[in-house]
Amino acid sequence: MSHTKTICGDLSTASPIGNGYAFAVTDCLFCKIAAKEIPAEIVLETGRALAFRDINPQAPTHVLVVPKVHYENAAALAAADDGLADDLLSACHIVAVQEGVSESGYRVVFNTGTGAGQTVFHVHAHVLGGRSLQWPPG
Ligand code: 5GP
Ligand code: ZN
């Protein structure tokens with residue numbers, strides 16, 4: 001099976017990991033958190049995903065769920081078509097249950113592209129809950 005994907009950051013020092021088509025990008029903040037090189041308050045770890053609290057929470061529950069391997073955004077993750085997007089969504093729901101917001105309601109957000117507010121170009125789901133969430137979002 002062949003996969004193509006977009007990688008941001010410095011590839012000169014990128015290391016192949018996992019099944020050989022995913023890369024850790026050495027200047028990527030979330031690759032470093034996933035590798036435990038930068039500390040974060042981890043709330044869930046699965047085989048392929050890591051969930052940790054956002055450093056600047058926008059709700060009582062604000063957890064980021066990331067794949068351990070690097071994909072730039074949700075589009076790149078979806079294009080990989082290897083089940084990882086499913087794993088990420090399942091991890092989001094587990095986080096919501098753990099955080100006690102699954103009954104009251106929670107939001108899963110993938111900011112995709114700078115125009116939508118993406119600032120870290122390693123795909124991540126925001127899991128937000130614990131307060132009333134307005135629609136449409138700002
Ligand atoms: P984006 O704007 O790309 O959708 O979301 C990036 C998120 O990463 C922001 O909500 C921001 O607060 C969070 N963030 C940025 N740097 C760090 C960090 O070093 N640690 C943690 N835990 N979150 C971070
Ligand atoms: Zn990364």
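So, D81: exposed, with a relative accessible area of 65%, where exposed means over 50%, buried under 20% and partly exposed in between, using a 1.4 Å probe and protein chains only. D81 sits in the loop between α2 and α3, and its phi is positive, about 50°, although it is not a glycine.

Before I go on, this is a predicted model: local features need pLDDT of at least 70, side-chain atom pairs count only at pLDDT 80 or more, and totals for chains, interfaces and linings use all residues. Residues are numbered from 1 along each chain as its sequence is written, chains are lettered from A and ligands numbered from 1 in the order in which they are written, and side-chain values use heavy atoms, with hydrogens and water left out.

By helices I mean DSSP runs of H or I, at least four residues, and by strands runs of E, at least two, numbered from the N terminus.

K36 also has a positive phi, near 65°. You'll find K36 in the loop between α1 (29-34) and β3, partly exposed at 46% relative accessibility.

Then look at the peptide bond between W135 and P136: it's cis, with omega about 0°. P136 lies in the segment after β7. Most peptide bonds are trans, by the way.

Now, inside. A nonpolar core is a set of buried Ala, Val, Leu, Ile, Met, Phe, Trp, Tyr and Cys residues joined through side-chain atoms within 4.5 Å. The largest one here has 19 residues, and α3 gives the most, five. Leaving aside neighbours within four places in sequence, V95 is in contact (heavy atoms within 4.5 Å) with V43, L44, A51, V63, V65 and V127.
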